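Please open the model in your viewer and keep the selection tool at hand. The stops below go from one selection to the next.

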Amino acid sequence: MTKTALYPGSFDPITNGHVDIIKRSSNLFDRLIIGIFKNSSKTKAWFSDDEKVEMIKEVLKKEKIDAEIKIFNGLLVDFIYEEKVNILVRGLRALSDYEYELQFTLTNKTLAKSEFETIFLSAPRRYLYLSSSLVKEIAQNHGDLKTFVPENVEKKLIEKVKQMELQVLSNENLKDYKI
Ligand code: ADP
């Protein structure tokens, strides 16, 4: 039987912590799907779904990782059912992830429409405290991103911060002209 694994997340943006989990799980299973939770109007994502796909695609190509990328909407268990997923992969960082991840797993088990197992891969020491939010904060403060994200993601983050700064400037200029 083909073992299909799903690694779901927001990936806003993909970090080296995510890449580590993706690499390791692509070696463990026959088929790996990277599932991007579709941005909703409520989520304040920096990157659009298409930008996320593009960034992940480039990383997979560079790292020679064989995985599929899919955007999904709605309940995770529906996606698991539709894609015939056998294994749900989650990454565990510090202890603070544990409670959320357990809640996430138990809820999905309760809602499950098909049989699947959840496995947790622990983050390597160097990425234990790495998150997409932290990376965005570093980018906003013009910090060095090299150890945290792949090169193409670093470029996109720098571009995004520039765009946001220009936006703030033009809003401030508009204010000056108001009477
Ligand atoms: P984040 O929590 O950074 O916004 P996601 O929602 O995209 O990231 O997370 C998807 C999965 O990846 C979750 O299981 C999360 O615990 C895991 N993950 C995120 N960052 C890391 C990391 N640095 N090391 C290992 N796993 C991680």
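In which sense do strand 2 and strand 3 pair, and over how many bridges? They pair in the parallel sense, over five bridges, where two strands count as paired if DSSP finds at least two bridges between them; helices (H or I, at least four residues) and strands (E, at least two) are DSSP runs, numbered from the N terminus. Before going further, note that this is a predicted model, in which local features need pLDDT of at least 70 and side-chain atom pairs count only at pLDDT 80 or more, while totals for chains, interfaces and linings use all residues. Residues are numbered from 1 along each chain as its sequence is written, and side-chain values use heavy atoms, with hydrogens and water left out.

Select Phe37 and then Phe72, its bridge partner in strand 3. Now widen the view to the open sheet of five strands, whose order is 3-2-1-4-5, with parallel pairing. Strand 3 (68–72) and strand 5 (117–122) stand at the edges with a single partner strand each, so one side of each has no neighbour in the sheet. From one strand to the next, the twist averages 30° (axes are lines fitted to C-alpha atoms, for helices over the stretch in contact, and angles run from 0 to 180 degrees between N-to-C directions).

Next, select strand 1 (residues 4–9), where six of six residues are buried, meaning under 20% relative accessible area with a 1.4 Å probe and protein chains only. Thr4, Leu6 and Pro8 point one way from strand 1, whereas Ala5, Tyr7 and Gly9 point the other way. Six bridges join strand 1 to strand 2 (residues 31–37) in parallel, and Pro8 stands opposite Gly35 in strand 2. Two bridges join strand 1 to strand 4 (residues 87–92), also in parallel, with Leu6 opposite Leu88.

Finally, select the ligand and the 18 residues around it, of which Tyr7, Ser10, Gly91, Tyr127 and Leu130 come nearest; a residue counts as near if one of its heavy atoms lies within 4 Å. For the polar contacts (pairs of N or O atoms within 3.5 Å), show the side chain of His18, with an N or O atom 3.1 Å from an oxygen atom of the ligand, and that of Arg90, where the corresponding distance is 3.3 Å. At Ser132, a backbone N or O atom lies 3.1 Å from an oxygen atom of the ligand. The protein covers 89% of the 540 Å² of accessible area that the ligand has on its own, by the Shrake-Rupley method with a 1.4 Å probe.

Conventions. Buried means under 20% relative accessible area, exposed over 50%, partly exposed in between (1.4 Å probe, protein chains only). A polar contact is a pair of N or O atoms within 3.5 Å; within protein, one must be able to donate a hydrogen and the other to accept it, and residues adjacent in sequence count only if both atoms are side-chain atoms.
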